[in-house]
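Here is a short report for a first look at this structure.

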Amino acid sequence: MTMETLEFQAEARQLLQLMVHSIYSNKDIFLRELISNASDALDKLRLAKLQDGLEADTSDLHIEIEVDAEKRTLTIRDNGIGMTREEVVDLIGTIAKSGTADLLAKLKEAKESPELIGQFGVGFYSTFMVADTVTLVTHKAGTEGHGTRWESAGEGTFTIDDAEGAPVGTSVTLQLRPKDEDDALYDYADVWKIKEIVKRYSDFIAFPIRMAASSSPDAEGETPEPETLNSMKALWARPRSEVTDEEYHQFYRHISHDWTDPLEIINMKAEGTFEYEALLFIPARAPFDLFQREARRGLQLYVKRVFIMDDSKELIPDYLRFVKGVVDAADLSLNISREILQQDRHIQMIRRRLTKKVLSTIKDLMTSDPEKYATFWREFGRAVKEGLLSEPDNHQPLLGIASFLTTAGTEPTTLAAYVERMKEGQEEIYFLTGESRSQVENSPHMEAFREQGYEVLILTDPVDEIWVDAVPEFDGKKLRSIARGSVDLKKDEEEPEPEGDFGPLLGFLKEKLDEQVKEVRLSHRLTTSAACLVSDANDVTPALEKMYRAMGQEGPRVKRILELNPNHPLVAGLRAAHERGADDANLPDTAELLYGTALLAEGGDLEDPARFAKLLADRLARTV
C-alpha cells in the first residue's frame with residue numbers, strides 16, 4: 001500500500017494544538033504515558049498467547065529506551081502485540097472513547113493539571129509537548145508481511161506508509177525540541193533525566209525497562225550491557241512494612257491516572273482454600289466522570305502475576321466504583337472471560353470480602369481520622385448511597401458509614417449520633433428531602449418540628465429521594481418523612497382547639513381544588529404558614545415524579561393533600577368569609593392563590609404561572 005497523508009479528527013487537532021502550546025507545567029509525564037502504553041502492549045501479547053494460542057515469543061518481553069544525544073532523538077520500543085495499519089489510523093488519528101467534548105473543556109480549564117492526559121486515555125498525544133516530530137513504527141504479532149510507519153509534526157495531518165522489515169512490536173521515536181527551562185522543557189536527550197523519570201513514575205512496571213547501551217566499546221574493549229532501570233516488584237505481593245508510602249502513591253498514579261495522593265491504602269491477603277492478594281486505594285477526590293455511565297470502572301485483575309483485564313467490574317460493586325486497585329488471584333483460569341467472571345463463585349466471594357473491607361475501613365476512619373472521613377464523604381457519599389438501593393443486605397453497614405446534614409448544626413452527622421440525641425419518647429428518625437439546605441430549612445413542613453426542638457435530617461442529593469423508600473429503619477428506628485402522612489407530635493402543652501367550624505370551608509376548598517388535591521384538612525405541622533402540601537404515606541413524592549418524567553417514564557399524576565393552619569389569620573379570615581357567603585365570587589380565586597402559595601413555598605412548579613401572577617396582582621391592587 002502506498003503512502004497516505006491523512007487528517008486528524010477535528011477534536012484531535014484541537015488537542016494537538018493544546019499539547020504543542022504546552023499548557024502543562026510537568027512535561028516529564030510524556031515518558032510515563034509511552035511506557036504505560038508499551039507495558040499494555042506487552043500484557044496484550046502475553047494474554048493473546050495464553051488465551052488465543054497466538055504463536056509468539058514471550059520469553060523476553062521488555063521495553064527499551066534509546067537516546068541519541070547528537071541527533072536529539074528519544075526512542076521507546078517494545079516487543080509487544082503491535083498494531084495493524086487500520087488500528088494505527090483508528091487509535092492515533094482519532095480520540096477514541098475519550099469523552100472528547102468534556103476532555104477539551106477540562107484541558108482548557110486546567111492549566112496545572114497534568115493528570116488529565118492520562119485520565120482521558122490520550123497519553124500518546126502528550127509526546128507533542130516535547131517533540132517537533134513523532135515517528136511510530138509497528139508490526140502486529142501474528143501477521144505476515146510488512147509493518148506500518150506513522151509520522152506527524154502535530155499540525156493537523158499525519159502520514160502513514162508501509163515499513164518493510166519492521167519487527168513485531170512498536171517503537172516511538174521523538175525528534176526532541178530544544179531545551180527551554182523557562183517553559184519547563186528539560187533536556188530529554190539527557191540519559192540521567194530519562195533514568196530519573198523512569199524511577200519516579202514507572203519503577204513498578206512488571207516488565208524490564210532497559211536503557212540501550214552505547215554501541216561503542218568501553219575502555220576495556222567490551223560492549224556495555226543494557227541497564228535495567230526499574231525494580232519490577234509487584235507492590236501487592238510485598239509486606240506493607242517493606243513498601244514506602246511514596247511507592248504506593250506512585251503505583252496508585254499509574255493505575256488511576258490521578259495526580260493526587262490516595263486518601264487511604266488497603267492491603268488484603270487471603271490464604272486457604274482460595275488464595276488472592278489485593279491492593280486497593282480510596283482516592284482523595286472524585287473523578288470528573290464518577291456519575292457518567294460510560295466511565296471506566298472496576299479493578300485490575302491478575303492471575304498469578306499475569307495481567308488478565310484492566311477494568312473488572314465484577315470485583316467491586318458499582319457504588320464503590322471510585323475504588324482503584326489490583327486483585328491477584330491464585331486459583332482462577334488464565335482464560336477467564338467477563339461472562340465467566342459474572343458467574344464464578346470465587347469472584348463473588350472476593351467481591352463480598354473486598355466490599356466488607358472497604359466499608360470497614362471507612363468506618364474506622366470515622367473514629368481514627370475524622371478529617372479524612374469528612375473528605376471521603378464529601379467526595380463520594382452520593383455514590384455510596386446508591387448501595388442502599390442495589391444491596392439490601394448492606395443497608396445497615398452503609399447507613400453506619402453515612403453522614404447527613406441536619407437542623408442541629410452546620411456539619412454532617414451520623415445516624416448513630418442522631419439517635420443518641422433523639423428526644424425522649426421520639427420513636428422515628430425524621431427527614432425531609434429537597435433541592436438545597438435553604439429550601440428544606442424554610443419549608444412549611446419544618447415549622448412544628450423546629451418549634452418543638454425535633455432534629456430533622458436534611459437530604460438534598462437526588463438519590464435521597466429514592467433510597468429513603470427502600471430503607472425501612474436504622475438501629476430499630478423507622479425513617480419517617482415529615483412531608484408525608486399525618487403528623488402527631490407529642491407536645492408539652494395541649495394546643496387549644498381552633499375556634500369555629502372549619503368543616504364547610506374544607507369541603508368548599510376540596511370542591512374548588514378537586515383537580516389539584518385529593519383532600520383538604522387541618523394541619524398539626526404548621527405554626528406560621530397558612531398552608532402546605534403533603535403526600536400520602538405511600539404516594540410518590542413530587543420530586544421523584546419529576547425525576548421519573550426526566551427519564552421518560554410518564555406515570556399517572558399523584559394528587560396531594562392540602563393542609564391548612566387553622567390559627568393563621570388568612571385561614572381564619574377565609575373561614576369567616578365563607579360563612580358570610582359561600583357564593584362570594586372572590587373565594588375561588590382565594591382558594592387558587594392559597595394552593596399556589598403552598599406549592600411555591602416547597603419549591604414546586606405552578607401549572608400556570610401567568611394566571612397565578614394575574615390573580616395575585618388583582619388581589620394586591622384592591623389593597624393599595
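Start with a single pair of residues in this predicted model. Cys 532 has Glu 563, in β23, as its bridge partner. The strands β22 and β23 (residues 560-564) run antiparallel to each other, and four bridges join them.

Helix α20 (residues 586-601) packs on this sheet and touches β21, β22 and β23. Helix α17 (residues 503-512) lies across β21 and β23. Their directions against the strands are listed here.

| Helix | Strand | Angle |
|---|---|---|
| α17 (residues 503-512) | β21 | about 160 degrees |
| α20 (residues 586-601) | β22 | about 65 degrees |

Now the whole sheet. The sheet is open, has three strands in the order β21-β23-β22, and its pairing is mixed. From one strand to the next, the twist averages 25 degrees.

Next, the nonpolar cores. The largest one has 75 residues. Leu 320, Phe 322, Leu 354, Phe 376, Ile 429 and Trp 467 have the most contacts inside it. Helix α9 (residues 345-368) gives the largest share of this core, nine residues. Leaving aside residues up to four places away in sequence, Leu 354 touches Met 268, Ala 278, Leu 280, Leu 299, Leu 315, Ile 316 and Val 327. Another core lies apart from this one and has 49 residues, including Ile 35, Ile 81, Phe 124 and Met 211.

Terms used. Residues numbered from 1 in each chain as written. Predicted model: local features only at pLDDT ≥ 70, side-chain atom pairs only at ≥ 80, totals over all residues. Heavy atoms only, no water. Pairing = 2+ DSSP bridges. Helix = DSSP H or I, 4+ residues; strand = E, 2+ residues; numbered from the N terminus. Axes fitted to C-alpha atoms, helices over the stretch in contact; angles between N-to-C directions. Contact = heavy atoms within 4.5 Å. Core = buried A, V, L, I, M, F, W, Y, C linked by side-chain atoms within 4.5 Å. Buried < 20%, exposed > 50% of the residue type's maximum accessible area, 1.4 Å probe, protein only.
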